[in-house]
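Here is a short briefing on one protein chain.

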Amino acid sequence: MRLERLSLFLVELPLVAPFATSFGEERTKQAPLVSLTADGVMGWGECVAGSGPWYSWETVETARYVISEHIRPLLSSRKVFEHPSELPAALAPIRGHGMAKAAVEAALWDLYARLQRKPLYQLLGGVREAVPAGVSVGIQPDIPSLLAAVEGYLAEGYQRIKLKIKPGWDVEPLRAVRERFPDVLLSADANAAYTLADLPTLRELDRFGLLMLEQPLHFEDLLEHAQLARELATPICLDESITSARRAREALALGACRIINVKPGRVGGLTEALEIHALALERGIPLWCGGMLETGIGRALNVHLATLPGFTLPHDISATKRYFREDIADPPFELRDGHLPVPQRPGLGVEINWDRLLRSATWSRTWKL
């Protein structure tokens, strides 16, 4: 692949409803979108960094800066890639900024698969043509609102319910959902909102038969997660703590988790995600793919990744209408019998709706490489 152009768009889309976590509330989705062109073909990637440094220290603005001012010159000096897995080494001079790098790598993978005329999952080693979908339920105003939301998602066919929790919104919401829906596959996600001083509360969560407790403690702390794991019957799943395959190996060596949530943007791209997948298969660790309120571009990437054999639990990959009335990628993802079908067209399998893209773009620029 001889790269010809790099384009970068910053889009902003309204969410169907506010999404509240322990970090705060989101009403819109900002996303940097990357396209790479070779041989007249365009590949697309999405950066999952947020508008502020809450989930991660990366933001849409840091990603825009790093891609335009640092990644672009490296691409321009290299230009030719035989395979997308060569990109991480080419970007190695840049420390960190995994989400920015992952967006560019995703565009290169999409471009490569389009040129090969194959859907991406086939090139990744995927084994499924549909992936089981779970849903993440944000912090609600009250218990009745929570129960109504969960009931609606179950009626739509979602196979796993995940509740966002924080101190003061944890035991009672989980108890209410478990009592109303005794057989539902249920998990909780704290987004690092607790400390070991909250151990009595976290122990109470063992009563609700959770599939997992996701990222209860500080996002950098593996040692305290290992200590907590010895105190709880509920399996701990790590999210924010797993920023690379190296961190995954360290977490497993310490006994800090029994399940890993893989977000390709958070771990630095698909090549790194594939390394985590190989490690998980070797260690017998279940994986699932998490979501970051992606547009159809990032959602498609997650669906393709989730087809790999080590991804054995329902994923936070919801139907498009869960977050957006109008997306920038066609066709929208629709839930079918609790699963999302994997696009079968080349590459990511979705196409950009240019009218919607340009209407939602607040900034754009194209460079010749």
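The model is predicted. Start in helix α11, residues 270–283, where His277 is found.

- His277 has a relative accessible area of 7%. The cut-off for buried is under 20%, so His277 counts as buried.
- Leaving aside neighbours within four places in sequence, His277 is in contact with Leu287, Leu308, Pro309, Gly310 and Phe311.

**The parallel sheet**

- An open sheet is built from 7 strands, and the pairing is parallel.
- The strand order is β5-β6-β7-β8-β9-β10-β11.
- Lys162 stands opposite Ser187 of β7.

**The antiparallel pairings of β1**

- Strand β1 (residues 5–21) runs antiparallel to β2 (residues 24–38), with 13 bridges between them.
- Opposite Pro14 stands Thr28, in β2.
- β1 also pairs with β15 (residues 361–368), again antiparallel, through 7 bridges.
- Val11 has Ala361 of β15 as its bridge partner.
- Strands of a sheet pair through backbone hydrogen bonds, either parallel or antiparallel.

**Helix α8**

- Which residues of α8 (residues 222–229) are buried? They are Leu222, His225, Ala226 and Leu228.
- These residues cover an arc of only 165° around the axis, so they lie on the same side of α8.
- An α-helix has 3.6 residues a turn, so residues three or four places apart point the same way.
- Asp221 caps the N-terminal end of α8. One of its side-chain oxygens lies 3.1 Å from the backbone nitrogen of Leu223.

**Aromatic groups and charges over rings**

- The model holds 5 aromatic pairs.
- In the pair Tyr153 and Tyr158, the ring centres are 6.0 Å apart and the planes stand at 85°. Planes over 60 degrees apart count as edge-to-face, so this pair is edge-to-face.
- Both partners are buried: Tyr153 has 16% relative accessibility, and Tyr158 has a relative accessible area of 4%.
- Phe9, Trp44 and Trp354 make up one aromatic cluster.
- Arg64 places its charged end over the ring of Trp363, 4.5 Å from the ring centre.
- Arg160 places its charged end over the ring of Trp288, 5.2 Å from the ring centre.

**Arg178 in α6**

- Arg178 is found in helix α6 (residues 171–180).
- Is Arg178 buried or exposed? Arg178 is buried, at a relative accessible area of 14%.
- Not counting residues up to four places away in sequence, Arg178 touches Asp183, Val184, Leu186, Phe208 and Gly209.
- A polar atom of the Arg178 side chain lies 3.1 Å from the backbone oxygen of Pro182.
- A polar atom of that side chain also lies 3.3 Å from the backbone oxygen of Gly209.
- The C-alpha atoms of Arg178 and Val60 are separated by 37 Å, and the two residues are 118 residues apart along the chain.

- Met292 is found in the loop between β11 and α12 (296–305).
- Met292 counts as buried, at 15% relative accessibility.
- Residues up to four places away in sequence aside, Met292 touches Lys29, Val48, Tyr55, Met99 and Lys263.
- Met292 and Val16 are 276 residues apart along the chain, with 15 Å between their C-alpha atoms.
- Asn302 is found in helix α12.
- Asn302 is buried, with a relative accessible area of 3%.
- Residues up to four places away in sequence aside, Asn302 touches Pro264, Cys289, Gly290, Gly291, Glu294 and Ile317.

Notes
Residues are numbered from 1 along each chain as its sequence is written. This is a predicted model: local features need pLDDT of at least 70, side-chain atom pairs count only at pLDDT 80 or more; totals for chains, interfaces and linings use all residues. Side-chain values use heavy atoms; hydrogens and water are left out. Two strands pair if DSSP finds at least two bridges between them. Helices (H or I, at least four residues) and strands (E, at least two) are DSSP runs, numbered from the N terminus. Buried means under 20% relative accessible area, exposed over 50%, partly exposed in between (1.4 Å probe, protein chains only). The arc is that of the directions from the helix axis to the C-beta atoms. A polar contact is a pair of N or O atoms within 3.5 Å; within protein, one must be able to donate a hydrogen and the other to accept it, and residues adjacent in sequence count only if both atoms are side-chain atoms. Contact means heavy atoms within 4.5 Å. Rings of Phe, Tyr and Trp (its six-membered ring) pair if their centres lie within 6.5 Å; planes under 30 degrees apart count as stacked, over 60 as edge-to-face and the rest as tilted. A charge sits over a ring if NZ of Lys or CZ of Arg is within 6 Å of the ring centre and within 35 degrees of the ring normal.
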